[in-house]
Amino acid sequence: MDTDKQANILREGFLVKRGHVVHNWKARWFVLTPDMLLYYKYEGGKKDSCQRGKILLKDCVITCPFLEYENRPLVMKLQTKHGVDHYLEACSREERDEWAADITAAVNNLQTTNGKSKTDQPDPAKSQLNNINLSKVLDSMYDVHSGIKLSNHLEQGSTYSNCFSGSAVVDWLVFMQLVLTRVEAVTLASALLEEGFLRTVGQKSMEALRTAGLSEQFMDDSTALYSFPDSLKKRGSVKAETSLSAVELSGKVIKRGYLLKQGHRRKNWKVRLFVLRSEPAFLHYYDPTKDDISPVGGFSLRGCLVSSLEDNGVPSGVKGNVQGNLFKIITQTDTHYFIQAPTHQEKMDWIDAIRSQC
């Protein structure tokens, strides 16, 4: 029976879900099956045996990206056939898009099984890119209420204010339904860049503009930075901020994902979004239930020791009956971090990635 259930699992992992009654955000373990999306609570470092809820996928409508939460750019929305909205946040754009693609495939398969045609698939012949007024697109992008948010970004140790990433532009163009696909969004953004409606900021986008062909001038990349031309009247400028964490947050993102971490004081286990950076090498963790974009903790990886903990019993230092896929990081200041990955493979991937930066 367990083997049959496992065979029906199309995808599983952590997502952060907004509550229906109280609109707070909670990390849940999601399991995608051919006809529904189940979610479970994680307590004591393990999945609760009873599901917390389910989303029936038949005739479900998916909006990805969904950009109405200012500090949560990685949200997608699922609307059931009864009009109930579910808001789910992933740990990265790649993870979000992979979940959306797998859910969409399951929905389409249900439609095909029930004799319906896939009416939601984009038709390249219907693309309206040739008829788009670039000036109107720029006006919409620049709108202080519904346009692209300006913020501060770090690239290779330098801080750039009043700019946005290439991926943020692509997300916005798709969300506003100015294009059907991310590929079309890149084409449209490249046209805006060529006409001087957008400008490059930082080394990565400048290098792409100088060396790539026309269709690849604009980068769908969260680390490639762009902004509006200086000729435009400034709106809601963001002042450049300096902080002690600016340098440690300026490194290149090597890996990110949801892991469970044991607290230092209460020793309870909570889901955290971990982000591994290089040059300088730091590991930061964030509370995915909060809208705050600042890390709740982090440490330098210089001189750190990383070790895998055996799965045969509860390791020393771990509170509760928590075992399986655990690893430990000891910092240069002799602080011990106990972390649990969802799977053995993810544990080994994280250990290898962290060791490469120690």
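Modeller: Helices here are DSSP runs of H or I with at least four residues, and strands are runs of E with at least two, both numbered from the N terminus. The expected span of a helix is 1.5 Å times one less than its number of residues. This is a predicted model, in which local features need pLDDT of at least 70 and side-chain atom pairs count only at pLDDT 80 or more, while totals for chains, interfaces and linings use all residues. Residues are numbered from 1 along each chain as its sequence is written, and side-chain values use heavy atoms, with hydrogens and water left out.

Colleague: How far does helix 2 reach from its first C-alpha to its last?

Modeller: Helix 2 (residues 93–113) has 21 residues and spans 30 Å, close to the expected 30 Å.

Colleague: And which of the residues of helix 2 are buried?

Modeller: Buried means under 20% relative accessible area, exposed over 50%, and partly exposed in between, with a 1.4 Å probe and protein chains only. The buried residues of helix 2 are Arg93, Arg96, Trp99, Ala100, Ile103, Ala106, Val107, Asn108, Leu110 and Gln111.

Colleague: Turning to packing, at what angle do the axes of helix 3 and helix 5 cross?

Modeller: The axes of helix 3 (residues 134–142) and helix 5 cross at roughly 95 degrees and come within 11 Å. Axes are lines fitted to C-alpha atoms, for helices over the stretch in contact, and angles run from 0 to 180 degrees between N-to-C directions. Helix 3 and helix 5 are therefore roughly perpendicular to each other, a term for angles of 65 to 115 degrees.

Colleague: Which residues make that contact between helix 3 and helix 5?

Modeller: With contact meaning heavy atoms within 4.5 Å, helix 3 contributes Leu134, Val137 and Met141, and helix 5 contributes Leu188, Ala191 and Leu192. These divide into 6 nonpolar, no polar and no charged. Ala, Val, Leu, Ile, Met, Phe, Trp, Tyr, Cys and Pro count as nonpolar, Asp, Glu, Lys and Arg as charged, and the others, Gly among them, as polar.

Colleague: Now the backbone: is the bond from Cys64 to Pro65 cis or trans?

Modeller: That peptide bond is cis, with omega near 5 degrees. Pro65 sits in the loop between strand 5 (61–63) and strand 6 (75–79). A cis peptide bond also joins Glu279 and Pro280, with omega about 5 degrees, and Pro280 lies in the loop between strand 13 (269–278) and strand 14 (282–286).

Colleague: What is phi of Gln177, and is Gln177 buried or exposed?

Modeller: Phi of Gln177 is near 60 degrees, a positive value in a residue other than glycine. Gln177 belongs to the loop between helix 4 (166–175) and helix 5 (182–194) and counts as exposed at 69% relative accessibility.

Key:
Parallel < 35°, antiparallel > 145°, perpendicular 65-115°, else oblique.
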